[in-house]
Amino acid sequence: MAVTAKPTLDADKLRADFPIFDQSFHGKPLAFLDSAASSQKPRQMLEAMTRFYETSYANVHRGVYQLAERATEALEAAREKSCRLINAPEAREVIFTRNATESLNLVAYAWGLTNLGPGDVVLVTELEHHSNFVPWQYIAGRTGASFRMLPLDAGGELRLDELEAVVGRGTAKVVATNLVSNSLGTVNDVARLAAWAHERGAIMVCDAAQAVPHKRVDVLALGCDFLAFSGHKLCGPSGIGVLWGRAELLEAMEPFLLGGHMIKKVRLEETTWGDLPHKFEAGTAPMAEAVGLGAAIDYLGEIGFEAIEQHEHELVEYALGRFSELPSVTLYGPPADRRAGIVSFNVDGVHPHDVAQILDLEGVAIRAGHHCCQPLMTKLGVAATNRASFYLYTVPEEIDRLVEGVRKAKKLLG
Ligand code: C6P
């Protein structure tokens, strides 16, 4: 029987690509365990952006001169890379936005305002980030549709067995879920939800902000209709996000933002919209940001998404094991085999912000708060948690420092 080796990466070596690690904080090397909020940046990506500004910068899709054509080619090359990254059928289905939040708002407004009404059900989950919750709640309210939430079980996983009961006699029109939860790391069965949604004639909207940076994501295999992510969480710059949507849906939709570039003809009587993707890209594009995103995709692609996922899996297994040594720590979320590289926890008797502050003094950066998931916090019965999140540059010694810092916080404040 052939034995296939697990893909691997050398995090210690990769760290040399990230200038941020050249500094210390409070006299200690930086243990950056907050990549779910935003990732650090490799030199290769930063250099690609600088090179673009120095050699190829002009406004895109407007000038006929050589420099403007070069800039346009660079932007469109980044679109092609984003398209291949998620196995999208066509590059014109890839819309550049500011971030995942804007991508999700685009769908909620531009699809929802026209297609939702009384009797329809918009179904989100108890695990959603506010960016895939609040826009749907708002648009449901505006259109008279009913807004409902698929509950979680005690382990932080979606109760798929409750789908029928939650929708009841309403007509499911939208199912919106994340692929990976930013708070608990839960990996959701989006393919199953998409199949369920399509059987009922609903669209499937996938928030992949915490998935695309960490694992191979394939929109066709997921069977979703829309998928959103941000550049800044995948080693790219801030200020750029992606929305992928099926061409026939995007074509039938009204625009979201109006103005320059997104039009075909403007007359006093009427304005007509440009073709995809331009219809949804009003104003000057995030050009250098797109180039940075493209370079980040190349960088991660060379390391390999399978290797990144495997590395984070090993880290999360290690972290859950180490935390189980601490009786004063409550861990949230599913077991390691069904979660990404995210660990949410609380320390008995110590406020999450105090834990995070003690850890900061140790050079360990984590996030404390509700993680833009207040419905989930309500479910967990807490106002906030601590969250450590990992990436390709995370090493096990940083998890050791995290655990030691938590011990110290408990001793000082617990
Ligand atoms: N989560 C976190 O610390 P933006 O801010 O638009 O790039 O991404 C929004 C977003 C949407 N969905 C999920 C699942 C997310 O995790 C995020 C961003 C950060 O968890 C900031 S709140």
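Why are Glu76 and Arg79 separated by about one helical turn? The two residues lie 3 residues apart in helix H3 (residues 66–85), and they are therefore about one helical turn from each other; helices here are DSSP runs of H or I with at least four residues, strands are runs of E with at least two, and both are numbered from the N terminus. The side chains of Glu76 and Arg79 meet in a salt bridge with an N to O distance of 2.8 Å, a salt bridge being a side-chain nitrogen of Lys or Arg within 4 Å of a carboxyl oxygen of Asp or Glu. By this rule the count comes to 28 salt bridges.

The structure is a predicted model, in which local features need pLDDT of at least 70 and side-chain atom pairs count only at pLDDT 80 or more, whereas totals for chains, interfaces and linings use all residues. Residues are numbered from 1 along each chain as its sequence is written, and side-chain values use heavy atoms, with hydrogens and water left out.

The chain is divided into domain 1 (11–32 + 304–413) and domain 2 (48–301), with bounds that come from an automatic or database domain assignment. The contact between them (heavy atoms within 4.5 Å) takes 31 residues from domain 1 and 33 residues from domain 2, while the centres of the two domains, taken over C-alpha atoms, are separated by 28 Å. About 2600 Å² is buried between domain 1 and domain 2, with carbon and sulfur atoms giving 57% of this area, which is the accessible area (1.4 Å probe) that two parts lose on being put together, summed over both.

Between domain 1 and domain 2 the count is 3 salt bridges, and 17 residue pairs are found in polar contact across the interface, both residues being at pLDDT 80 or more. A polar contact is a pair of N or O atoms within 3.5 Å; within protein, one must be able to donate a hydrogen and the other to accept it, and residues adjacent in sequence count only if both atoms are side-chain atoms. On the side of domain 1 that touches domain 2, two or more residues are given by each of helix H11 (305–323), strand S14 (342–347) and helix H13 (374–380), and the largest share, 6 residues, comes from H13.

The ligand is surrounded by 17 residues, the closest being Thr101, Asp207, Ser230, His232 and Arg367, where a residue counts if one of its heavy atoms lies within 4 Å. A polar side-chain atom of Arg367 lies 2.5 Å from an oxygen atom of the ligand.
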